[in-house]
Amino acid sequence: MTGPIILVVGARPNFMKIAPLYSELKRRGVEQILLHTGQHYDDNMSKVFFDDLGMPKPDIYLGIGSGSHAYQTATVMIEFEKICMELNPSLVVVVGDVNSTVACSIVCAKLTISCAHVEAGLRSFDRGMPEEINRILTDSVADLLLTPSPDGDENLLAEGVAKERIKRVGNVMIDSLYSNLERAKESNILSDLDVKKRYAVLTLHRPSNVDDKEIFTGILGALENIGQQIQLVFPIHPRTEKNAKEFGIYQRLKAIPNIILTGPLGYLDFVALMASSTLVLTDSGGLQEETTALGIPCITLRENTERPITVTEGTNTVVGCDPLLIESTAFNALEGNGKVGKVPEMWDGNAAKRIVDVILEHIANGD
Ligand code: UD1
């Protein structure tokens with residue numbers, strides 16, 4: 001091995017995927033650099049996760065911040081290229097599907113630095129979704145494609161990827177979930193928010209739902225009816241809050257019956273909240289997986305999912321953004337008819353070990 005391994009994080013859903021890898025590399029004494037692009041920067045979208053997940057302050061912080069897709073992607077590329085030229089890493093690990101993921105993988109390809117993509121092969125087959133573009137591009141340039149489930153392998157093979165580049169390693173985010181579940185139970189979030197015994201957790205931030213006033217308002221109508229039946233706890237994403245205010249629907253949102261509106265929560269508080277909930281309503285990718293691992297019914301407010309195994313094996317039901325369908329599926333789950341699933345294979349808390357085995361072997365072979 002010549003240079004260090006660089007672990008890249010950029011946005012909130014990256015932190016819980018990198019934390020187990022950081023620990024495993026550290027345990028094995030491998031030289032590593034933790035690099036944060038700064039795509040997410042507020043303490044409650046970033047720093048709290050480092051604290052909760054026991055990760056140190058990043059070694060390198062690029063400070064990119066918010067902006068258009070082109071701005072974020074291009075600025076990460078420019079800054080990350082400088083770091084790679086300076087450190088000559090033996091391998092770069094990128095995770096997930098955010099703009100930082102695609103930006104760093106392209107830089108590696110151009111500099112012929114080995115790049116491993118964790119969470120490879122997921123496809124929603126919806127190119128209107130910015131993350132789908134990021135997934136396709138990242139998988140087309142990364143050297144090692146580390147998949148969480150068999151559908152990932154199948155998608156990559158169907159795109160003509162050589163099978164030597166694909167390794168199924170399982171779901172590393174579930175490593176974080178399992179290893180922090182006990183600590184999360186010590187969180188005071190349930191009493192701090194004064195939640196009832198039965199409650200549903202709601203998260204909403206996809207541009208397709210919250211950047212369109214009509215769709216956002218339709219979802220709001222469904223939530224007003226669901227709120228009559230069960231308390232809703234809604235840690236609101238900055239994008240969602242900003243848009244609700246711009247669309248003039250923020251007061252209506254706050255007035256949903258039985259709603260507890262709070263800011264974004266840290267990892268341990270959120271896991272505590274989710275783990276004791278009756279139902280989760282979401283448009284997040286990660287929550288579809290975490291609810292499947294926890295056995296909690298999940299209703300996904302999207303037209304499709306890049307995580308179909310959560311539907312075929314897990315507790316997820318994808319309903320889209322039709323208010324009537326959201327309501328009827330929620331009422332059905334509240335009557336005790338929510339989906340019961342099983343935890344997919346290799347979502348077992350040991351994905352980080354398998355990933356580190358694969359990347360160290362790749363480096364040792366000089367691939
Ligand atoms: C990004 C990811 C998305 C992921 C989501 C999780 C891409 C294309 N999107 O979307 O895949 O599911 O993160 O949150 O990479 N903002 C803050 N503080 C922050 C960060 C953002 O207030 O720390 C606000 C800014 O007003 C910003 C808006 O939130 O314009 C949206 O942030 P951005 O990073 O553009 O996209 P997300 O919707 O968070």
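Trainee: What should I know about the model before I start?
Mentor: The model is predicted, so local features need pLDDT of at least 70 and side-chain atom pairs count only at pLDDT 80 or more, while totals for chains, interfaces and linings use all residues. Residues are numbered from 1 along each chain as its sequence is written, and side-chain values use heavy atoms, with hydrogens and water left out.

Trainee: At what angle do α1 and α7 pack?
Mentor: Helix α1 (residues 12-27) and helix α7 (residues 172-184) pack at about 80 degrees, with their axes 7 Å apart; α1 and α7 are therefore roughly perpendicular, a label for angles of 65 to 115 degrees.

Trainee: Which residues of α1 and α7 make the contact?
Mentor: From α1 they are Met 16, Lys 17, Ala 19, Pro 20 and Leu 21, and from α7 Val 172, Met 173, Asp 175 and Ser 176, where contact means heavy atoms within 4.5 Å.

Trainee: What does a nitrogen atom of the ligand lie 2.8 Å from?
Mentor: That nitrogen atom is 2.8 Å from an N or O atom in the side chain of Asp 42, while an oxygen atom of the ligand is 2.9 Å from a polar backbone atom of Tyr 41.

Terms used
Axes fitted to C-alpha atoms, helices over the stretch in contact; angles between N-to-C directions. Helix = DSSP H or I, 4+ residues; strand = E, 2+ residues; numbered from the N terminus. Parallel < 35°, antiparallel > 145°, perpendicular 65-115°, else oblique. Polar contact = N/O pair within 3.5 Å; in protein donor to acceptor, adjacent residues only side chain to side chain.
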